[in-house]
Amino acid sequence: AAVPTPTWAGTKSSKPTVVWEFSVRDGFKPFDSHCQHAIEDQYQAFQAGGAPTGKADSGGKAIFVDFVAMIQRAEGSAREREIRRRLAPALVG
């Protein structure tokens, strides 16, 4: 059976929505909406045998992601945060 193609947060679809999130003090917070596509595209390339790391721009800073360790680090920072890929319920609309 064919695997449904994920759609993005904020789009109207009956398919599952992929949301990339990073850890914060009290849970997880979604990456900026403009980062979602870049991270997911790089993750899909990684799943197909591509590079295990990726990069997205957020707030004028580069965010480096490691799909093996599932962590991210902002440019100029040594702090690493856990990341996760979540399938959100399909949006109705």
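## Helix H1 and its buried side

Helix H1 comprises 15 residues and spans 22 Å from its first C-alpha to its last, close to the 21 Å expected at 1.5 Å a residue. Buried residues in H1 are Cys 35, Gln 36, Ile 39, Glu 40 and Tyr 43; because they cover an arc of only 125 degrees around the axis, they are on the same side of H1. An α-helix has 3.6 residues a turn, so residues three or four places apart point the same way. Just after H1, Gly 49 adopts a positive phi of about 105 degrees.

Tyr 43, which lies in helix H1, has a relative accessible area of 15%, and it counts as buried because this value is under 20%. Beyond its neighbours within four places in sequence, Tyr 43 is in contact with Trp 20, Phe 67 and Arg 85. Tyr 43 and Phe 67 are 24 residues apart in sequence, while their C-alpha atoms are 6.9 Å apart in space.

Strand E4 (residues 53–58) runs antiparallel to E5 and is joined to it by six bridges, with Ala 56 having Ile 63 in E5 as its bridge partner. The hairpin formed by E4 and E5 has two residues between the strands, and in its turn Gly 59 has a positive phi of about 60 degrees.

On pairing with E6, E5 is again antiparallel, here over four bridges, and the bridge partner of Phe 64 in E6 is Arg 73. The hairpin of E5 and E6 has four residues between the strands. Met 70 is placed in the loop between E5 and E6 and has a positive phi of about 55 degrees although it is not a glycine. Most residues other than glycine have a negative phi. With a relative accessible area of 23%, Met 70 is partly exposed.

## Gln 72 in strand E6

Gln 72 is located in strand E6 (residues 71–74) and has a relative accessible area of 7%, which means that it is buried, the cut-off being under 20%. Not counting residues up to four places away in sequence, Gln 72 touches Phe 22, Phe 31, Ile 63, Phe 64, Val 65, Arg 79, Glu 80, Arg 81 and Ile 83.

## Confidence in the model

The chain has a mean pLDDT of 85, with 78% of its residues reaching 70 or more. Among the elements of the chain, E6 has the highest mean pLDDT (96), whereas strand E1 (residues 7–8) has the lowest (50). Where pLDDT is low, the predicted coordinates should not be read in detail.

How values were computed
Residues are numbered from 1 along each chain as its sequence is written. This is a predicted model: local features need pLDDT of at least 70, side-chain atom pairs count only at pLDDT 80 or more; totals for chains, interfaces and linings use all residues. Side-chain values use heavy atoms; hydrogens and water are left out. Buried means under 20% relative accessible area, exposed over 50%, partly exposed in between (1.4 Å probe, protein chains only). Contact means heavy atoms within 4.5 Å. pLDDT is the predictor's confidence in each residue, from 0 to 100. Two strands pair if DSSP finds at least two bridges between them. The expected span of a helix is 1.5 Å times one less than its number of residues. The arc is that of the directions from the helix axis to the C-beta atoms.
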